[in-house]
Amino acid sequence: MQWVKALGLGVGAAALLALGIILGHFAIPKDADPPAPSTSVLQDLDLETLKAVMGQLDASRIRENLRELSRQPHVASSPGDEALVQLLLSRWRDSASGLDSAESTEYEVLLSFPNQEQPNLVEVVGPTGDVLHSFRPNEENVTGEQGAPDVVQPYAAYAPPGAPQGLLVYAYQGREEDFKELQEQGVNLQGTIALTRYGGAGRGAKAVNAAKYGVAGVLVYTDPMDVNDGQSLPSQTFPNSWGLPPSGVERGSYFKYFGDPLTPYLPAHHSSFRVDRDNVSGFPPIPAQPIGFQDAKDLLCNLSGTLAPSAWQGALGCAYRLGPGFRPDGSFSDGSQVKVSVHNLLELRNSSNVLGIIRGAVEPGEPLRTLTVCQDPALPRGPLPLPPALLGTDLASAQPGHPRPPLPLLHFSDTVPPPDRYVLYGNHRDSWVHGAVDPSSGTAVLLEISRVLGTLLKKGTWRPRRSIVFASWGAEEFGLIGSTEFTEEFFSKLQERAVAYINVDISVMANATLRVLGTPPVQGVVFSATKEIDSPGASGLSIYDNWKRHFNRSSPVYGTVPSLGSLGAGSDYAPFIHFLGISSMDMTYTYDTSKTSARIYPAYHTAFDTFDYVEKFLDPGFNSHQAVARSAGNVLLRLSDSLFLPLNVSDYSDVLQSFLQAAQWELGDLLQQHSISLGPLVAAVEKFEAAALALDQRISELKKGSPDPLQVRMFNDQLMLLERAFLNSRAFPEERYYSHVLWAPRSSSVATFPGLANACYQANDANAGSEAWAEVQRQLSIIVAALEGAAATLRPVADL
């Protein structure tokens with residue numbers, strides 16, 4: 001009916017008129033000066049708060065955190081792991097130093113464990129089938145901690161069960177070129193057992209490469225040349241030094257990809273679709289087992305055959321030979337073979353992530369006050385935003401004249417919106433055994449940072465501009481599972497709202513200098529933070545200057561600066577940068593490479609990675625842990641509290657120029673032979689650099705005045721979203737989760753855009769006009785499109 005519509009319009013108009021009167025009456029409180037401009041909306045980083053936080057980060061508390069975290073083994077999904085879940089929840093829910101909220105989330109994931117009833121074995125078997133020698137299944141119990149019942153036996157996670165037996169060959173690092181070298185030396189690899197060393201190729205890649213050449217099983221050991229600077233005697237190793245003992249075995253995942261193996265690209269909830277286990281890709285194709293270097297010595301020093309190349313020699317005190325088989329004058333009879341018995345089991349287990357959240361004060365902002373119009377259900381209704389002055393007011397009035405109904409009841413309520421912008425700080429929780437260094441040193445730092453910030457929060461003296469999410473990821477050691485499931489579940493929300501991800505896994509593996517991996521935009525904020533913090537020790541240098549002294553590069557813009565390493569897939573930053581395109585970084589304190597050739601700290605992934613190992617040999621006073629806490633905490637506050645995001649997009653120019661020059665110098669002639677021009681790539685790089693410089697200038701000008709909050713928001717979104725512009729989900733179809741066109745696995749040695757480098761490597765011997773050369777052209781186009789899209793992201797939003 002027309003009269004009903006007219007009545008509705010009249011009521012609505014009356015309500016709005018009343019609302020206007022109310023707003024005019026209550027907007028400015030009586031007996032008070034007009035309100036000053038909001039300090040919360042445009043407030044920048046508070047340097048006094050930053051200084052206070054730095055002073056409250058306590059080395060002794062980090063030490064006690066580490067002692068508690070590493071007290072017992074806590075492999076993923078074990079009782080020890082679950083105990084740490086409860087520890088984190090209790091800390092983050094503490095009434096005096098806790099966060100706004102803390103929750104755990106379980107995922108049902110496929111993990112791999114050795115069979116406790118049937119341990120994995122490595123044996124030397126004589127020609128008649130008798131066992132001549134059996135190697136130790138566990139590490140030596142040198143401190144009383146290695147013999148605990150919950151210490152998991154050394155094994156290769158996800159290696160398939162089987163009991164291959166064959167002649168032994170030495171295949172160095174198990175790279176494909178190493179097996180080619182053996183083949184060229186006339187070594188028959190069919191049905192053999194390959195002894196390989198850690199390094200050079202990924203764990204699982206060693207088994208994949210071996211299987212291509214007919215190898216039946218793989219053994220992997222850590223050569224003392226690679227971690228102990230050649231020292232191998234018990235008196236030279238832990239507990240007498242930081243060196244790996246002869247029985248030490250590096251455990252690890254041999255799964256090619258990251259994330260739950262059964263639910264790629266889907267969160268591993270109970271209801272999720274799962275791939276049939278027989279169809280899972282990425283598991284090693286043949287049995288594999290890690291061993292200690294004492295056992296490797298017994299094998300390698302009895303090998304027959306040609307002398308191994310000089311680069312393949314190690315520090316086991318004998319000349320390394322290639323095999324196959326043992327020499328007749330050695331410890332084992334002629335014709336003896338090696339048998340590798342693997343009994344690993346695949347199990348569906350529940351693994352938890354723990355999240356602690358500090359809600360942002362400005363992004364999302366103050367609670368939204370809403371008006372609900374309670375009226376005839378036939379008439380339109382809905383919430384209207386109102387100012388804080390009207391909170392909790394109920395108003396009703398009647399209009400004189402009986403033909404018109406009374407005005408609707410106005411009800412005001414408080415709605416807290418979800419966090420709008422997130423700064424994420426995370427580390428995994430699970431370890432192979434006690435895991436004092438990996439990962440508990442990082443979690444000890446995380447807990448101390450969250451304690452200090454939580455205390456300020458509970459006192460009501462501080463709340464960050466943007467929301468902070470602290471994360472403890474589950475099952476990282478099996479393939480970055482917890483963090484990957486999180487990014488799969490919250491893919492859209494994180495892409496829309498995540499500002500940056502800070503990863504501190506191993507916070508301290510030695511006490512010489514800081515080392516940081518990251519994408520170029522985070523370089524500036526890390527530099528700013530580390531310039532303000534004293535380096536541990538008596539050097540008198542800042543962490544920045546000490547870092548520059550150990551690892552540096554020459555920048556055409558800044559001169560000599562510390563080197564920022566690139567992000568691969570070594571820890572939980574991988575899904576954030578490669579899958580989601582979120583600016584990321586990883587921090588650790590490490591050793592002086594001029595004093596050791598160790599590829600990593602010697603006790604890595606062994607039962608010797610204990611609290612005493614850290615306290616005696618890595619960081620006795622926990623000053624390096626404190627330095628990492630201050631560095632990471634400083635960066636966290638700058639990212640969460642700065643008015644303008646401290647992400648410098650122009651710093652991508654150095655990387656792009658180096659990639660471009662490598663393509664021109666190393667690939668230019670080859671591409672020209674196939675009529676492929678790098679001209680569009682040159683133009684795209686120039687376009688990006690111009691857009692980045694222009695954005696920097698616009699932000700600099702805006703900072704000089706009084707910026708409008710919406711302008712700040714607009715520029716921050718451009719800074720935040722740049723990394724996403726480099727994503728192309730179809731760029732690397734053979735590489736699961738990798739979609740960032742600048743940071744992907746590179747099979748070529750040419751340090752340029754990975755897609756272009758890999759395509760040229762594959763097409764090098766192909767005919768002109770082949771599919772391989774078409775792929776080169778496709779990859780070049782993908783890079784150009786990504787760079788042009790990134791430049792468009794940085795240009796003024798109205799400029800298409």
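# A tour around strand S18

Begin by selecting glycine 426 and alanine 471, for glycine 426 stands opposite alanine 471 in S18, where strands (E, at least two residues) and helices (H or I, at least four) are DSSP runs numbered from the N terminus. This is a predicted model, in which local features need pLDDT of at least 70 and side-chain atom pairs count only at pLDDT 80 or more, while totals for chains, interfaces and linings use all residues. Residues are numbered from 1 along each chain as its sequence is written, and side-chain values use heavy atoms, with hydrogens and water left out.

Next, select strand S17 (residues 422-428), which pairs with S18 in the parallel sense over seven bridges; two strands count as paired if DSSP finds at least two bridges between them.

Staying on S18, colour its residues by accessibility: seven of the seven are buried, so the strand is largely enclosed by the rest of the structure, buried meaning under 20% relative accessible area, exposed over 50% and partly exposed in between (1.4 Å probe, protein chains only). Ser467, Val469, Ala471 and Trp473 point one way from S18, whereas Ile468, Phe470 and Ser472 point the other way. In a regular strand the side chains alternate between the two faces of the sheet.

Now widen the selection to the open sheet, in which eight strands with mixed pairing follow the order S1-S12-S18-S17-S19-S24-S20-S23. Its edges are strand S1 (101-113) and strand S23 (564-565), each of which pairs on one side only.

Finally, colour the chain by pLDDT, the predictor's confidence in each residue from 0 to 100: the mean is 90, and 88% of the residues reach 70 or more. Over residues 1-39 the pLDDT is below 50, and this stretch has 20 contacts in the model beyond near neighbours in sequence. Over residues 365-417 the value is also below 50, with 89 such contacts.

Definitions and conventions
Contact means heavy atoms within 4.5 Å.
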